[in-house]
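Could we walk through this protein together, one question at a time? Have a look at the chain first, and then we will start.

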Amino acid sequence: MKRIGIAASKMAKGNRALYNGYVVLISALFSLFIFVIAGASVVFALIIIATIGNEIMPDDNFTENWKSILTVCMVSLTVIIAIFNVFAITKNIKFPKGIEK
């Protein structure tokens with residue numbers, strides 16, 4: 001999480017508004033990347049489970065309910081990634097110190 005702030009400060013070069021924008025942008029892009037990688041692995045694992053399950057049990061229980069299972073997995077993955085993204089943004093964002101006299 002600290003590396004997000006380091007990268008944003010090097011790109012912003014002292015501009016606080018640009019720094020905060022870069023923090024949000026980097027965090028969002030990294031979260032999207034993690035979501036795609038983790039989501040693909042979940043889908044791949046469900047496909048393998050469905051293939052093995054269809055060989056063992058001829059019932060189509062899994063093929064009938066795979067959409068609800070996939071929805072639950074993706075929603076929980078989204079919530080977890082969103083929580084970590086909010087923590088990363090709140091740790092790295094900079095607010096103005098106040099009005100200087």
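Predicted model: local features only at pLDDT ≥ 70, side-chain atom pairs only at ≥ 80, totals over all residues.

Residues are numbered from 1 along each chain as its sequence is written, and side-chain values use heavy atoms, with hydrogens and water left out.

Q: Where is Lys13 found, and is Lys13 buried or exposed?
A: Helices here are DSSP runs of H or I with at least four residues, numbered from the N terminus. Lys13 is in the loop between α1 (2-12) and α2. Buried means under 20% relative accessible area, exposed over 50% and partly exposed in between, with a 1.4 Å probe and protein chains only. Lys13 has 73% relative accessibility, so Lys13 counts as exposed.

Q: What is the phi of Lys13?
A: Lys13 is not a glycine, yet its phi is positive. The value is about 55 degrees.

Q: Which residues make the nonpolar surface patch of about 680 Å²?
A: A patch takes residues with over 30% relative accessible area and no salt bridge; like charges are joined within 9 Å, and nonpolar side chains (Val, Leu, Ile, Met, Phe, Trp, Tyr) within 5 Å. A salt bridge is a side-chain nitrogen of Lys or Arg within 4 Å of a carboxyl oxygen of Asp or Glu. Areas come from the Shrake-Rupley method with a 1.4 Å probe, and for residues only the protein chains shown count as cover. The patch is made by Met1, Val75, Val79, Ile80, Ile83, Phe84 and Phe87.

Q: What is the relative accessible area of Ile80?
A: Ile80 has its place in helix α3 (residues 61-92). Ile80 is partly exposed because its relative accessible area is 45%.

Q: How much space lies in the largest pocket?
A: Rolling a probe the size of a water molecule over the atoms shows where empty space is left. On a 1 Å grid over the protein atoms alone, a pocket is an open set of points where a 1.4 Å probe fits, with protein on both sides within 12 Å along at least five of seven lines; lining residues have an atom within 4 Å of a point. Grid points are joined across faces, edges and corners, and a volume is the space filled by probe spheres set on the points. For the largest pocket this comes to about 250 Å³.

Q: Which element gives the largest share of the lining of the largest pocket?
A: The lining includes Met1, Ile26, Ser27, Phe30 and Phe84. Five residues, the largest share, come from α2.

Q: How far apart in space are Val86 and Val24, C-alpha to C-alpha?
A: Val86 is found in helix α3, whereas Val24 is in helix α2. The two are 62 residues apart in sequence. In space their C-alpha atoms are separated by 9.3 Å.

Q: How far apart in space are Glu64 and Ser27, C-alpha to C-alpha?
A: Glu64 is found in helix α3, and with a relative accessible area of 59% Glu64 is exposed. Glu64 and Ser27 are 37 residues apart in sequence. Their distance in space is 36 Å.

Methods: Helix = DSSP H or I, 4+ residues; strand = E, 2+ residues; numbered from the N terminus.
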